[in-house]
Amino acid sequence: MMQLDARLAAIAAFVPAGMSFADIGGDHAYLAAALVKEGRAPRAVVGDLSAGACAAARRTVEARVLADRIAVRQGDGLSVLVPGEAEAVVIAGMGGALIVQILAQSPDVLAHVKALVLQPMNAGAKLRAWLYENGWHTADETLARAGGRIYEVIRAERGHAAMPADVFLHVGEKLLARRDPLLRVFVTEKIEKLRRAASGMERGASACTSAAYSAVLERIEALEGVLKTV
């Protein structure tokens, strides 16, 4: 496989072998080029809203002589796909709320997708909740460190499952089950961020009695409980 950084390598490892896939927001098309060139994926579609990103993706595809197996299309979200064209979909490097919006706005395309590989930059809990509410579940999760930041990567598959407890929407249960080596740092960073939020709220008398403040304290306590098991 061509050289990918730790984040893209983790995403690549979660794309099911032998499936055609689409990389939405695929930027330079490095992921698609790596998987198709290696033979892990028979074909791919790279979609991006940016004309510049699409031009960069086409240069990558042409340089690796993959134009017959990788299509680059400019467009919004899953609208670049024909229903049934992609068995798996990758959406990475976007906020969790935007990923939810992309998935929700193209039900005709999503209905034919068997696997999702998602890498939210934030709002992972919102994304996980949407998946469970819409006939998906997290089949596996991993963490990757690149450029000084820890990224969470989720592989979702079809199938109804019980909604996880709130704390496991914020820190995936699969990360705990696999004893991910980055989990302790990942959870600690979340706790520190919540403590800063709580500290800010404590400067206002009314905020300290709010439901939002109570929710932050409860989440800190829950995450500290997870940390003890890591």
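Helix H6 is mostly covered, with eight of its ten residues buried. Buried here means under 20% relative accessible area, exposed means over 50%, and partly exposed lies in between (1.4 Å probe, protein chains only). Helices (H or I, at least four residues) and strands (E, at least two) are DSSP runs, numbered from the N terminus. The model is predicted: local features need pLDDT of at least 70, side-chain atom pairs count only at pLDDT 80 or more, and totals for chains, interfaces and linings use all residues. Residues are numbered from 1 along each chain as its sequence is written, and side-chain values use heavy atoms, with hydrogens and water left out.

The buried residues of H6 are Gly124, Ala125, Leu127, Arg128, Ala129, Trp130, Leu131 and Tyr132. Their cover includes helix H4 (96-104), helix H5 (107-110) and helix H7 (166-170). Strands S5, S6 and S7 also contribute to this cover. Just after H6, Gly135 takes a positive phi of about 80°.

Tyr132 lies in H6, which spans residues 124-133. Tyr132 counts as buried because its relative accessibility is 11%. Contact is defined as heavy atoms within 4.5 Å. Neighbours within four places in sequence aside, Tyr132 is in contact with His137, Thr138, Ala161, Ala162, Met163 and Pro164. With Thr138, the link is a side-chain to side-chain polar contact of 2.9 Å. A polar contact is a pair of N or O atoms within 3.5 Å; within protein, one must be able to donate a hydrogen and the other to accept it, and residues adjacent in sequence count only if both atoms are side-chain atoms. Tyr132 and Leu169 are 37 residues apart in sequence, and their C-alpha atoms are 10.0 Å apart in space.

Helix H1 (residues 6-14) has Arg7, Leu8, Ala10, Ile11, Ala12 and Phe14 as its buried residues. Helix H2 (30-38) is among the elements that cover them. So are strands S4 (88-94), S5 (115-120), S6 (136-146) and S7 (149-158). At the start of H1, a side-chain oxygen of Asp5 reaches to within 3.2 Å of the backbone nitrogen of Arg7.

The protein chain is divided into domain 1 (6-163) and domain 2 (184-228). These bounds come from an automatic or database domain assignment. The C-alpha centres of the two domains lie 32 Å apart.

Pockets were located on a 1 Å grid over the protein atoms alone. A pocket is an open set of points where a 1.4 Å probe fits, with protein on both sides within 12 Å along at least five of seven lines; lining residues have an atom within 4 Å of a point. The largest pocket has a volume of about 580 Å³. Its lining holds 22 residues, and Met121, Asn122, Phe186, Lys190 and Lys193 lie nearest the centre. S5, H6, S7, helix H9 (183-201) and helix H10 (211-229) each give two or more residues to this lining. H9 gives the most, with seven. At least three lining residues come from each of domain 1 and domain 2.

The second largest pocket has about 210 Å³ of space. It is lined by 13 residues, of which Arg7, Leu8, Gly25, Gly26 and Asp27 lie nearest its centre. H1, H2 and S4 each supply at least two residues of this lining. The largest share, three residues, comes from S4.

How values were computed
Points joined across faces, edges and corners; volume = space filled by probe spheres on them.
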